[in-house]
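Trainee: I am new to this structure and would like to learn how to read it. Could you walk me through a few features, please?

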Amino acid sequence: MYDVKEIRKDFPILEREVYNRPLVYLDNGATTQKPRCVVEAMTEEYYNVNANVHRGVHFLSQQATELHEAAREKVRAFLNARSSSEIIFTRGTTESINLVASCFGEAFMREGDEVILSEMEHHANIVSWQLLQKRKGIKLRVIPVNDRGELMMDEYERLFTNRTRIVSITHVSNVLGTVNPVHRLVDIAHAYNVPVLVDGAQSAPHFAVDVQDIGCDFFAFSGHKVYGPTGIGVLWGREEWLDRIPPYMGGGEMIGHVSFEGTTFNVLPFKFEAGTPDYVAATGLARALDYITDLGMDAIHTHEQALVDYALERLRTLSGLHVLGDAVERDAVISFLMDGIHPFDMGTLLDRLGIAVRTGHHCAQPLMHRFGIEGTVRASFGLYNTKEEVDVLIEAIERVAKMF
Ligand code: PLP
């Protein structure tokens, strides 16, 4: 039984008011709120365990290391990865993608080689490849998006050439909510012997992800979007690839032996984790993953799908309101525009009514360009949102529309 009223009690921030109104937090695509247990796990570690990991023989360091490696194992189980040595802690999805673009690009791409992306990528999955383009002269090939906001799969197949080296694609669009057919995308790429990176920033919070089932080669997500702390994220990669690509940064922890004549590198995953990691955030992330898996990813998904269906149904009754995209498979994000009202004005006025939504280009300017717009208003749902909050949103939009 999914009791959203009970669940909300775990999130102190949801009790606060803004502008003397109850907060309606619909900006979960940007970041999620934290349950008490996540913050408590981190406080507990700072108060009682804190010591640098992997370095000390002393009691606290060993205990901190155990917590850190237990967190890695939690992430492994969450993604159903084969081995925890395939789990690399990063600062977030952005860093995970940059790591792959930089290190895979270094090892396996040269001038004229190609990466396939899509028109609906977040800037994190565009600009990191453009940096490589500047450095090495690689080419970006782009899967177009149709009017419904879905990838044009026929075009995807046509983009493969003998210079294609990697596909890097978002699992769920942070603007349209479209859930991309990652299994098919991977199968097609693998038929050309091309590996696939999946940007899971907007999928990992909403439904169960199994990297072995998807069959991809790399998968990235952010802690702060799965009810965990900021400053930590994950890159999962197949050992076969991670073993073959060079380290990202140099420093402590990632080495085997250092001398001025030459340095050897540590084993996976430490080869990619230079310097002191945010081990306290890793503990927080592990607690967040426990929290959502205890609720049940399927139960969260069912709850959020019902909210999105209800919100879409109600939004579509509002005259002058246009929802961007109409994908068959969609998740907990809805972007919309209202005739005659700039998204920024809509967002600002909704804010005054206590509703936190996102406005603007959502770090997806090429997608905005594709639809010939500058931005949208985006409502994105989380596990604690309610039908009543959708009603508050709809009434507020109606109220704003009347003002114009
Ligand atoms: N990819 C997608 C699809 C996103 O929605 C986001 C964040 O909004 C990112 C990547 C970047 O995530 P982060 O800022 O946590 O690194």
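Mentor: Gladly; we will look at aromatic rings, then charges over rings, then a sheet. Keep in mind that this is a predicted model.

Trainee: How many aromatic pairs does the structure hold?

Mentor: A pair of aromatic rings is described by the distance of the centres and the angle of the planes. Here there are 12 aromatic pairs. Take Phe 11 and Tyr 384: their centres are 4.7 Å apart with 70° between the planes, an edge-to-face pair.

Trainee: Which parts does this pair tie together?

Mentor: Phe 11 belongs to the loop between helix H1 (4-8) and strand E1 (17-18), while Tyr 384 belongs to the loop between strand E17 (376-380) and helix H14 (387-403), so the pair links parts that are 373 residues apart in sequence.

Trainee: What kind of pair do Phe 104 and Phe 108 form?

Mentor: Their centres lie 5.1 Å apart and their planes meet at 45°, so this pair is tilted. Both residues lie in helix H4 (residues 93-108), four residues apart, about one turn of the helix. Phe 104 counts as buried at 2% relative accessibility, whereas Phe 108 is partly exposed at 25%.

Trainee: Which rings have a charged side chain over them?

Mentor: Among them is Phe 371, with Arg 370 over its face at 4.7 Å from the ring centre. Another is Tyr 310: the charged end of Lys 387 sits over that ring, 4.6 Å from its centre.

Trainee: Now the sheet, please. What is the order of its four strands?

Mentor: Strands of a sheet pair through backbone hydrogen bonds, either parallel or antiparallel. In this open sheet the order is E13-E14-E17-E16, and the pairing is antiparallel. Strand E13 (321-323) and strand E16 (358-360) are the edge strands, each pairing on one side only. On average, neighbouring strands of this sheet are turned by 30° against each other, direction ignored.

Trainee: How many bridges join E14 and E17?

Mentor: Strand E14 (residues 333-338) pairs with E17 over four bridges, in the antiparallel sense. You can find Ile 334 standing opposite Ala 379 in E17.

Trainee: Which helix lies across E13 and E14?

Mentor: That is helix H11 (residues 297-315), which runs at about 10° to E14.

Key
Residues are numbered from 1 along each chain as its sequence is written. This is a predicted model: local features need pLDDT of at least 70, side-chain atom pairs count only at pLDDT 80 or more; totals for chains, interfaces and linings use all residues. Side-chain values use heavy atoms; hydrogens and water are left out. Rings of Phe, Tyr and Trp (its six-membered ring) pair if their centres lie within 6.5 Å; planes under 30 degrees apart count as stacked, over 60 as edge-to-face and the rest as tilted. Helices (H or I, at least four residues) and strands (E, at least two) are DSSP runs, numbered from the N terminus. Buried means under 20% relative accessible area, exposed over 50%, partly exposed in between (1.4 Å probe, protein chains only). A charge sits over a ring if NZ of Lys or CZ of Arg is within 6 Å of the ring centre and within 35 degrees of the ring normal. Two strands pair if DSSP finds at least two bridges between them. Axes are lines fitted to C-alpha atoms, for helices over the stretch in contact, and angles run from 0 to 180 degrees between N-to-C directions. Contact means heavy atoms within 4.5 Å.
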